[in-house]
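Biologist: Could you take me through this model feature by feature, giving the general idea of each term before the case at hand?

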Amino acid sequence: MTRSGYPNDLTDAEWNVLQPFLPPESLVGRPRKWSLREILDSIFYVLRGGIAWR
């Protein structure tokens with residue numbers, strides 16, 4: 001599934017810096033449903049946007 005990007009998504013250069021610090025995908029257990037890049041983009045979207053919770 002592909003989504004349109006947001007202006008504050010990680011660039012390829014930023015992703016290449018962060019990727020070595022993230023754990024590799026495990027060969028056992030459930031496969032990942034979302035990529036770590038999608039998860040980080042989502043976290044940074046909330047942090048940068050200051051989205052208010054109800």
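**Reading the model**

Modeller: The protein chain has 2 helices and 0 strands, where helices (H or I, at least four residues) and strands (E, at least two) are DSSP runs numbered from the N terminus. This is a predicted model, in which local features need pLDDT of at least 70 and side-chain atom pairs count only at pLDDT 80 or more, while totals for chains, interfaces and linings use all residues. Residues are numbered from 1 along each chain as its sequence is written, and side-chain values use heavy atoms, with hydrogens and water left out.

Biologist: How much of the protein chain is made up of buried residues?

Modeller: A residue is called buried under 20% relative accessible area, exposed over 50%, and partly exposed in between (1.4 Å probe, protein chains only). By that scale, buried residues make up 9% of the 54 residues.

Biologist: Which residues does aspartate 41 touch, once residues up to four places away in sequence are not counted?

Modeller: A contact means heavy atoms within 4.5 Å. On that basis aspartate 41 touches Arg3, Asp9 and Leu10. For the protein chain overall, residues 24 or more positions apart account for 53% of the contacts with a separation of 6 or more.

Biologist: How many salt bridges does a search of the whole structure find?

Modeller: A salt bridge is a side-chain nitrogen of Lys or Arg within 4 Å of a carboxyl oxygen of Asp or Glu. The search finds 1, and arginine 37 forms a salt bridge with aspartate 12, the closest N and O atoms being 3.0 Å apart. The pair links distant parts of the chain, since arginine 37 lies in helix α2 (residues 36-49) and aspartate 12 in helix α1 (residues 12-18), 25 residues apart.

Biologist: Why does arginine 37 count as partly exposed, and why does aspartate 12 count as exposed?

Modeller: Arginine 37 counts as partly exposed because its relative accessibility is 22%, while aspartate 12 counts as exposed because its relative accessibility is 52%.

Biologist: Where does glutamate 25 lie, and with which residues is glutamate 25 in contact beyond its neighbours within four places in sequence?

Modeller: Glutamate 25 lies in the loop between α1 and α2, and, with those neighbours left aside, is in contact with Pro31 and Arg32. Serine 35 also lies in the loop between α1 and α2; glutamate 25 and serine 35 are 10 residues apart in sequence and 9.6 Å apart in space, C-alpha to C-alpha. Glutamate 25 counts as partly exposed at 47% relative accessibility, and serine 35 is partly exposed, with a relative accessible area of 39%.
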